[in-house]
Structure formats: structure tokens, C-alpha cells
Amino acid sequence: MKNEKIAFTIEEASEYTGIGRNTMRNLVEWKKLPVLKVGRKVLVKTDMLEKFMAMNEGRNLRDRTDVKAVTRNTQT
């Protein structure tokens, strides 16, 4: 069984991707990256983070209008 994380905190996601913490927080605030909030802690699922990185390759992540939002298709 793998011992890999399925979600990162903002700081861990920043370290994992090389994206600055403030930029990562902006992406969450702009609703470009879906998160799970547990109390004050914000978690980014690794699969969504990887999908986000693939979709936004070559884009300026500091420009809100240039960033593509990642969404999870949910069925209820």
C-alpha cells in the first residue's frame, strides 16, 4: 500500500509545485483551484493540483484572467 498523501496544505502544495504560497492562495481565492476546508486548514487534493498544472502549462499564474479554473465533475 502506498504511503502518499492525497491532499496538501497550501504550504505543501506550494513546495510540491514550486508555485509561491501567495500565488497559491490567490488561485484558491479566485476559485481557480478547488479545495477542501477543514476548520481553518485548506487542503488541495493532489489529483486536482496535477490537473491544474497540466491545464495551465505556459500560462501566467499571477494573471487572474489567464488562469484556467479546474473543476471536479460531481454527480449526486
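**Contacts, helix packing and salt bridges**

Setting aside neighbours within four places in sequence, T46 touches K5, I6, A7 and F8 (contact being heavy atoms within 4.5 Å). This is a predicted model, where local features need pLDDT of at least 70, side-chain atom pairs count only at pLDDT 80 or more, and totals for chains, interfaces and linings use all residues. Residues are numbered from 1 along each chain as its sequence is written, and side-chain values use heavy atoms, leaving out hydrogens and water.

Me: Is T46 buried or exposed?
Reply: Buried means under 20% relative accessible area, exposed over 50%, and partly exposed in between (1.4 Å probe, protein chains only). T46 comes in at 15%, so it counts as buried.

Me: Which residue meets E12 in a salt bridge?
Reply: A salt bridge needs a side-chain nitrogen of Lys or Arg within 4 Å of a carboxyl oxygen of Asp or Glu. E12 is partly exposed at 29% relative accessible area. Its partner, with N to O at 2.5 Å, is K5.

Me: How many residues apart in sequence are E11 and R25?
Reply: E11 and R25 form a salt bridge, with their closest N and O atoms 2.8 Å apart. E11 sits in helix α1 and R25 in helix α2 (residues 21-29), so the pair ties together parts whose separation in sequence is 14 residues. Helices here are DSSP runs (H or I, at least four residues; strands are E, at least two), numbered from the N terminus.

Me: How many salt bridges are there by this rule?
Reply: Besides those pairs, R59 and D66 meet at 3.2 Å, N to O. By this rule the count is three.
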